[in-house]
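Hi there,

Here is the structure I promised to pass on to you. Have a look at it first, and then read my notes below.

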Amino acid sequence: MNRNILAQCRRGIDLKTIILICFLCLGITFQAMAQSKETVGFKLDKSVMAEAYWEQWNDSLQNQIDVNIEKYRKANALVKIEGVKKGTEVEVTQLTHDFGFGANIFNFDQLGSDELNAKYKNVFGTLLNSATIAFYWKTFEPEPGKPRYKASYEDSAEFWNKLDKPWKEYHWRRPSPEKVIEFCEEKNIEMHGHPIIWGSKWNHPTWISKDADKVDEMERLFNKRIKEITNFYKDRIPSWDVVNESVEPNPSQKLRYGVMPEDYTFKSFKLAEKEFPESVTFCINDSWRDVYPPFIKGLIERDAKIDIVGLQMHIFDSGSCRAISEGKTVFPNRTSWKPEDVIAYLQTLDSLGRPIHLSEITIQAPGDTPADEQIQAIIAWNMYRLWFSWPSIYKITWWNLVDDCGAAGEPTKSGIFTRQMKPKPAFFALNDLINRKWRTNLTIKLDQNGRAEFSGFRGKYQLKWMDEEGQEKTAEFYLKNDGDGLYSE
């Protein structure tokens, strides 16, 4: 490869082309690492967790998780190929996952170098098949009537590569959506918009007053935003957080985000239902609080179109991660991470009759040592296994992929990569699950009738075999339900 590049230099190939070739090679290498049958660098060091932790995650629970994964995440495929000999071998390769493994894609082209940006992008399509795209109103429309649908120079890698302190820019973690959408469309990454309406300072535009006597104007602008987002994107983005974090955790105390239009959550969902195409799914997104399930239930009973229940699980303080590793019960963001409590929460939410999206996951390393990074990896390993085994959960979204790339107040060690895009143990743990343990690749033999069956994780498959003339044949099918497969003549 090096000699080829030098030869191209002599023939006058420009430097930009050479750099692109190098980054493509980097992407191929990263993809091979992510999807290889050997998980490079991963070792589950159970010794970093206290005995009390493993008593919670005991063999009985682990075995039940395995049983549920087999039961809820796999289907029985049928293959029937005419005109082949008995014993013909068919190579089965799973190409995609039906289940959603995602992250926010907020640092698109913002990591400070083309090399780091290329590595970041290659996580999507190798480890992850889903991306949450930033639509925070405050930075999407920093001036009234001037939304940032299309990218400008300020969204280019060249702009971000020149900055020493990128986090000081107003649109840090807020790339213009269009080129992110184009990237996801090109790589077949499932897209989720976040959020349309949210009363927090992170989303609420500074040019919209929160004075009590201006609440009618605020509501008018809420409605205008929903209609504009709908008219521009239609069904291009298949799912949205219509309203984010609108539950009042302490209804009898001071309002969470100050003055907001009355009943704005319900009104926003109803208007979105009227404006968006029917195929677009609507999510409500908040954390596990005592008031969250009944709040959702009330909206559903009033006929709000809530298709998905979004659940956040954030650990924003290192002390909680440390305590979890010691087997202690802690409640970061009012959420216990003990498996028995997580199961109880999920059972409560299942009563709402909606699929669940683990929409924002933050698990940090409690310190800088290798043992601390192992703690992060083990918590992630066990929680992902539990979530993946739960039948109503259809997607899990890690919040910040890269260390030191969160919003102010979010932990700096919660990525699965370092700031220089070096994979951490948490990456290798998730890669081992997603690309090895939860991916079906095998060889089957056809019987005298050209038939064979196998059990596989749901998703898209490729089959490869040799016909009677020695010619290689390939075919694809999607395994969703028992009996799906290939019926070739």
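How many of the residues of strand S4 (residues 130-134) are buried? The count is 5 of the 5, so S4 is largely enclosed by the rest of the structure. Buried here means under 20% relative accessible area, while exposed means over 50% and partly exposed lies in between (1.4 Å probe, protein chains only). Helices (H or I, at least four residues) and strands (E, at least two) are DSSP runs, numbered from the N terminus.

Before we go on, please keep in mind that this is a predicted model, in which local features need pLDDT of at least 70 and side-chain atom pairs count only at pLDDT 80 or more, while totals for chains, interfaces and linings use all residues. Residues are numbered from 1 along each chain as its sequence is written, and side-chain values use heavy atoms, with hydrogens and water left out.

Back to S4. Ser-130, Thr-132 and Ala-134 are buried on one side, and Ala-131 and Ile-133 are buried on the other. S4 pairs in the parallel sense with strand S3 (residues 100-104) over 3 bridges; two strands pair if DSSP finds at least two bridges between them. In this pairing, Ala-103 is opposite Ala-131. Strand S5 (residues 190-194) also runs parallel to S4, joined by 5 bridges, and there Thr-132 faces His-192.

Next, the nonpolar core (a set of buried Ala, Val, Leu, Ile, Met, Phe, Trp, Tyr and Cys residues joined through side-chain atoms within 4.5 Å). The largest one has 131 residues, and Ile-105, Phe-124 and Trp-387 touch the most other members. Helix H14 (residues 370-389) gives the most to this core, with 11 residues. Leaving aside neighbours within four places in sequence, Phe-124 is in contact (heavy atoms within 4.5 Å) with residues including Ala-103, Ala-131, Phe-183 and Leu-401.

Among the buried residues of H9 are Val-215, Phe-222, Arg-225 and Tyr-233. Their cover includes helix H8 (177-187) and helix H10 (264-275).

Finally, find Asn-68 in helix H4 (residues 59-73). Asn-68 is buried, with a relative accessible area of 15%.

Enjoy exploring!
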